[in-house]
Amino acid sequence: SSRVLWTLAVTQLTQFEMFRSLIRPSRLLFASKRTFVTEAQFPLFDRLKKLSDECNVTAAVTLLSEMRAQKVSVDLASYHDVLAACQSKGSVKEAMQVFKQLTDARVEPTKETWSLLMGTFGAAGDVKGASDLLAAYVANPPKF
(Lines give C-alpha, C1' and ligand atoms only; values in the text may rest on other atoms or scores of the structure.)
Protein backbone atom coordinates (compact mmCIF):
# COMPACT_ATOMS: atom_id res chain seq x y z
CA SER A 1 0.00 0.00 0.00
CA SER A 2 1.02 3.63 -0.31
CA ARG A 3 1.45 3.90 3.48
CA VAL A 4 4.04 1.11 3.43
CA LEU A 5 5.90 2.76 0.54
CA TRP A 6 5.85 6.10 2.37
CA THR A 7 7.23 4.47 5.53
CA LEU A 8 10.00 2.80 3.52
CA ALA A 9 10.90 6.09 1.82
CA VAL A 10 11.06 7.97 5.13
CA THR A 11 13.13 5.17 6.70
CA GLN A 12 15.58 5.19 3.80
CA LEU A 13 15.88 8.98 3.89
CA THR A 14 16.49 8.89 7.65
CA GLN A 15 19.12 6.19 7.24
CA PHE A 16 20.77 8.24 4.47
CA GLU A 17 20.87 11.34 6.68
CA MET A 18 22.30 9.32 9.59
CA PHE A 19 24.95 7.87 7.29
CA ARG A 20 25.69 11.33 5.88
CA SER A 21 26.24 12.76 9.33
CA LEU A 22 28.71 10.01 10.17
CA ILE A 23 30.64 9.87 6.92
CA ARG A 24 31.19 13.01 4.86
CA PRO A 25 32.11 11.16 1.61
CA SER A 26 28.42 10.60 1.00
CA ARG A 27 28.60 14.09 -0.50
CA LEU A 28 29.89 12.33 -3.62
CA LEU A 29 26.33 11.23 -4.19
CA PHE A 30 24.22 14.11 -3.01
CA ALA A 31 24.62 17.14 -0.79
CA SER A 32 22.02 18.03 1.80
CA LYS A 33 19.52 19.83 -0.44
CA ARG A 34 19.83 16.92 -2.89
CA THR A 35 22.32 18.92 -4.95
CA PHE A 36 24.68 16.75 -6.96
CA VAL A 37 28.36 17.19 -6.10
CA THR A 38 30.92 16.09 -8.65
CA GLU A 39 34.01 14.17 -7.70
CA ALA A 40 36.13 17.17 -8.75
CA GLN A 41 34.26 19.38 -6.23
CA PHE A 42 34.63 16.95 -3.35
CA PRO A 43 38.06 18.32 -2.23
CA LEU A 44 36.55 21.82 -1.94
CA PHE A 45 33.84 20.56 0.42
CA ASP A 46 36.40 18.58 2.39
CA ARG A 47 38.65 21.62 2.74
CA LEU A 48 35.71 23.79 3.78
CA LYS A 49 34.72 21.26 6.45
CA LYS A 50 38.31 21.09 7.73
CA LEU A 51 38.64 24.88 7.94
CA SER A 52 35.30 25.08 9.74
CA ASP A 53 36.26 22.32 12.18
CA GLU A 54 39.49 24.21 12.92
CA CYS A 55 37.41 27.40 13.47
CA ASN A 56 39.44 29.18 10.81
CA VAL A 57 36.58 31.55 10.09
CA THR A 58 38.31 33.91 7.67
CA ALA A 59 39.64 31.11 5.46
CA ALA A 60 36.32 29.21 5.57
CA VAL A 61 34.29 32.29 4.57
CA THR A 62 36.77 33.08 1.80
CA LEU A 63 36.63 29.52 0.45
CA LEU A 64 32.83 29.55 0.61
CA SER A 65 32.81 32.78 -1.45
CA GLU A 66 35.25 31.27 -3.95
CA MET A 67 33.10 28.15 -4.29
CA ARG A 68 30.03 30.26 -5.02
CA ALA A 69 32.01 32.34 -7.54
CA GLN A 70 32.97 29.09 -9.28
CA LYS A 71 29.25 28.21 -9.45
CA VAL A 72 29.62 25.27 -7.07
CA SER A 73 26.23 24.41 -5.54
CA VAL A 74 26.94 24.79 -1.84
CA ASP A 75 24.68 22.69 0.37
CA LEU A 76 23.02 23.74 3.60
CA ALA A 77 25.34 21.52 5.66
CA SER A 78 28.35 23.46 4.36
CA TYR A 79 26.77 26.79 5.28
CA HIS A 80 26.05 25.35 8.73
CA ASP A 81 29.67 24.17 9.09
CA VAL A 82 30.92 27.71 8.48
CA LEU A 83 28.25 29.24 10.72
CA ALA A 84 29.28 26.85 13.52
CA ALA A 85 32.87 28.09 13.17
CA CYS A 86 31.60 31.68 13.33
CA GLN A 87 29.59 30.81 16.44
CA SER A 88 32.59 29.31 18.22
CA LYS A 89 34.61 32.47 17.56
CA GLY A 90 31.77 34.95 18.06
CA SER A 91 32.35 36.29 14.53
CA VAL A 92 29.09 38.14 13.92
CA LYS A 93 30.18 40.04 10.79
CA GLU A 94 31.32 36.85 9.06
CA ALA A 95 28.22 34.92 10.17
CA MET A 96 25.96 37.58 8.67
CA GLN A 97 28.04 37.49 5.48
CA VAL A 98 27.53 33.70 5.28
CA PHE A 99 23.81 34.11 6.00
CA LYS A 100 23.53 36.65 3.16
CA GLN A 101 25.30 34.22 0.81
CA LEU A 102 22.92 31.47 1.92
CA THR A 103 19.82 33.56 1.21
CA ASP A 104 21.29 34.94 -2.06
CA ALA A 105 21.73 31.33 -3.18
CA ARG A 106 18.02 30.82 -2.45
CA VAL A 107 18.76 28.24 0.24
CA GLU A 108 15.99 28.19 2.81
CA PRO A 109 17.32 28.85 6.33
CA THR A 110 16.23 26.25 8.87
CA LYS A 111 15.77 26.42 12.62
CA GLU A 112 19.36 25.19 12.91
CA THR A 113 20.53 28.10 10.75
CA TRP A 114 18.79 30.61 12.98
CA SER A 115 20.08 28.85 16.09
CA LEU A 116 23.67 29.06 14.84
CA LEU A 117 23.22 32.76 14.11
CA MET A 118 21.71 33.37 17.54
CA GLY A 119 24.59 31.47 19.14
CA THR A 120 27.06 33.66 17.27
CA PHE A 121 25.49 36.81 18.66
CA GLY A 122 25.48 35.22 22.11
CA ALA A 123 29.16 34.26 21.86
CA ALA A 124 29.97 37.82 20.85
CA GLY A 125 27.89 39.23 23.73
CA ASP A 126 25.82 41.25 21.27
CA VAL A 127 22.43 41.40 23.00
CA LYS A 128 21.03 44.07 20.65
CA GLY A 129 22.01 42.06 17.57
CA ALA A 130 20.49 38.91 19.07
CA SER A 131 17.28 40.81 19.79
CA ASP A 132 17.13 42.13 16.21
CA LEU A 133 17.80 38.64 14.87
CA LEU A 134 15.03 37.19 17.02
CA ALA A 135 12.62 39.82 15.67
CA ALA A 136 13.61 38.87 12.09
CA TYR A 137 13.08 35.19 12.91
CA VAL A 138 9.64 35.79 14.40
CA ALA A 139 8.67 37.86 11.34
CA ASN A 140 9.80 35.11 8.92
CA PRO A 141 10.15 31.70 10.62
CA PRO A 142 11.33 28.64 8.66
CA LYS A 143 8.54 26.87 6.82
CA PHE A 144 9.56 23.38 8.01
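Contact means heavy atoms within 4.5 Å. The exercises below use this term throughout.

This is a predicted model, in which local features need pLDDT of at least 70 and side-chain atom pairs count only at pLDDT 80 or more, while totals for chains, interfaces and linings use all residues. Residues are numbered from 1 along each chain as its sequence is written, and side-chain values use heavy atoms, with hydrogens and water left out.

**Exercise 1. List the contacts of Leu64, leaving out residues up to four places away in sequence.**

Solution. Step one: with those residues left out, Leu64 touches Leu48, Val74, Tyr79, Val82, Val98 and Gln101. Step two: look for these names in the largest nonpolar core, which has 30 residues. A nonpolar core is a set of buried Ala, Val, Leu, Ile, Met, Phe, Trp, Tyr and Cys residues joined through side-chain atoms within 4.5 Å. Buried means under 20% relative accessible area, exposed over 50%, and partly exposed in between (1.4 Å probe, protein chains only). The residues with the most contacts inside the core are Leu48, Leu64, Met67, Tyr79, Val82, Val98 and Leu117. Step three: assign the core to helices. At least two core residues come from each of H2 (42-53), H3 (57-69), H4 (76-89), H5 (92-104), H6 (111-124) and H7 (127-139). As background, nonpolar side chains in soluble globular proteins tend to be buried together.

**Exercise 2. Describe the secondary structure and the chain totals.**

Solution. Step one: the protein chain has seven helices and zero strands. Helices (H or I, at least four residues) and strands (E, at least two) are DSSP runs, numbered from the N terminus. Step two: in order from the N terminus, the elements read α-α-α-α-α-α-α. Step three: 38% of the 144 residues count as buried. Step four: the chain exposes about 8600 Å², of which carbon and sulfur atoms supply 60%. These accessible areas come from the Shrake-Rupley method with a 1.4 Å probe; for residues, only the protein chains shown count as cover. Step five: among contacts between residues at least 6 apart in sequence, 57% join residues at least 24 apart.

**Exercise 3. How do H3 and H4 pack, parallel or antiparallel?**

Solution. Step one: the axes of H3 and H4 come within 9 Å and cross at roughly 155 degrees. Axes are lines fitted to C-alpha atoms, for helices over the stretch in contact, and angles run from 0 to 180 degrees between N-to-C directions. Step two: H3 and H4 are therefore roughly antiparallel to each other. Angles under 35 degrees count as roughly parallel, over 145 as roughly antiparallel, 65 to 115 as roughly perpendicular and the rest as oblique. Step three: Val57, Ala60, Val61, Leu64 and Arg68 of H3 make the contact with Tyr79, Val82, Ala85, Cys86 and Lys89 of H4. Step four: the crossing of H3 and H4 is left-handed. A crossing is left-handed if the near helix is turned anticlockwise from the far one by less than a right angle, and right-handed if clockwise.

**Exercise 4. Is Ser91 buried or exposed, and what does Ser91 touch?**

Solution. Step one: Ser91 lies in the loop between H4 and H5. Step two: its relative accessibility is 13%, so Ser91 counts as buried. Step three: apart from residues up to four places away in sequence, Ser91 touches Val57, Cys86 and Thr120.

**Exercise 5. Characterise Leu44.**

Solution. Step one: Leu44 is in helix H2. Step two: at 18% relative accessibility, Leu44 counts as buried. Step three: beyond its neighbours within four places in sequence, Leu44 is in contact with Leu63, Met67, Gln70 and Val72. Step four: Leu44 and Met67 are 23 residues apart along the chain, and their C-alpha atoms are separated by 7.6 Å.
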